[in-house]
Every structure is written in C-alpha cells, then in structure tokens.
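Colleague: I have not looked at this structure before. Could you take me through it?

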Amino acid sequence: MLQRAQLKDALFIAMSNYYYDEKNLYLDALSKVREQNFNLTPFLKFALNGVASQCRRLLNEIRIHVQKSLFRDVMAKMYGRLQSTRKRALAHRQCAMLTILLEMDTLIEYRDLFRIIGKEYDGLNEPLRAFVRDLNGLSAMRATQVLKIGENELARFMVSVRPEWATEITETDFYQNINNLPAAKTRLMVSH
C-alpha cells in the first residue's frame, strides 16, 4: 500500500522489531482480519500504532545522538580554550573521562572507571586522588553525576555523564568551576 502511494523505500520504518515485541497483538490483529471477512482495518490500526511507536523510538535515538554530539562540541570548545599547562593536563584527563562516560550510556562504579582511564593518571604522585578530584570537578560542573548506592563501607559510587550539560553550562560557569577546583580531595562528592 505504501509503495502504491509512491512513498520511497528509504522512508520506510523497520517494523519487524515492533511486530516481534507485540507478537500477541500482531496475531490478534490478523485474527480479527479473518473474523471480519478480510477487512484490513484492525491490522492497519495495529500497524499504524507500530509506526507511531517506532517513530518515537527513532526520534529518541536521534535526540540522544544530537545531545552527545552537542556535548562533544561544547566540551571541545570549553576545554580547548584552557591555557596553562596544569589546566591543559586537567582538560585532557577530564575530556578522556567524559568521552568514555558518553560512550557508555550507563552508570559505572567509579573504581571501574578509574581502571579504564587509569593510564591518563600515570606519572602523577597520587593518581587515584587526582582522578577523584577531576571527577568531583566534573560533578560540581554538573557534567557528570555521582550516585551513592548503599551505606558505610558497602557504599558504591556510581558515575554517569549528564548529556543535558551541554545545554545548561555557560562559559562563565565553566571557567569559574575550572578556576575553583581544589588542590586535592580525597572523598567523592555525591550528586543530589
């Protein structure tokens, strides 16, 4: 029907996932078509709901990719302007951390993140402390969030990127945060 309406194949939305996920509704719609003397209306309603559902899913995927792209652009712009050697080293480490978190799309325990990114901290006197300080800076800037799960010595600190940061941060806020970074921190700050 869509081809007869002269819609191009490139405009079609893959429906197989929807049909698979909604198998019972799919079979029910086909059954109703048979029951109603092959009137396609029940199946067309089902299919149009699927088109709407798949379009929402696709729009959400596009939104996520646009957010990530904007995040990378803002990150490169802001960090790229840092001048001092110390701040450029900080920028390199924090950008590496943000890039990893942006690609993960999930929470990660901060020690696992440190294992992944640890090479960026080689050569520093106290690599873990520097990592926590960098992570706290990103959290204070709201580029990341740190969630505490559990209590006492069983507590785990889970980290994720906040893709919306790119639309929230201003240059003034960014550079104030960079200039206000403490020399050292030993405990992780938790987002609220």
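Modeller: Here are a few questions on the fold and one group of rings, with answers.

Modeller: This is a predicted model, in which local features need pLDDT of at least 70, side-chain atom pairs count only at pLDDT 80 or more, and totals for chains, interfaces and linings use all residues. Residues are numbered from 1 along each chain as its sequence is written, and side-chain values use heavy atoms, leaving out hydrogens and water.

Colleague: What pattern does the protein chain follow along the sequence?

Modeller: Helices (H or I, at least four residues) and strands (E, at least two) are DSSP runs, numbered from the N terminus. The protein chain has eight helices and three strands. Read along the sequence, their pattern is α-α-α-α-β-α-α-β-β-α-α.

Colleague: How are the rings of Tyr26 and Phe43 paired?

Modeller: Rings of Phe, Tyr and Trp (its six-membered ring) pair if their centres lie within 6.5 Å; planes under 30 degrees apart count as stacked, over 60 as edge-to-face and the rest as tilted. The centres of the Tyr26 and Phe43 rings are 6.0 Å apart and their planes stand at 70°, so the pair is edge-to-face.

Colleague: Which parts does the pair of Tyr26 and Phe43 tie together?

Modeller: The two parts are 17 residues apart in sequence. Tyr26 lies in helix H2 (residues 23-35) and Phe43 in helix H3 (residues 41-80), so the pair ties together helix H2 and helix H3.

Colleague: Is Phe43 buried or exposed?

Modeller: Buried means under 20% relative accessible area, exposed over 50%, partly exposed in between (1.4 Å probe, protein chains only). With a relative accessible area of 18%, Phe43 is buried.
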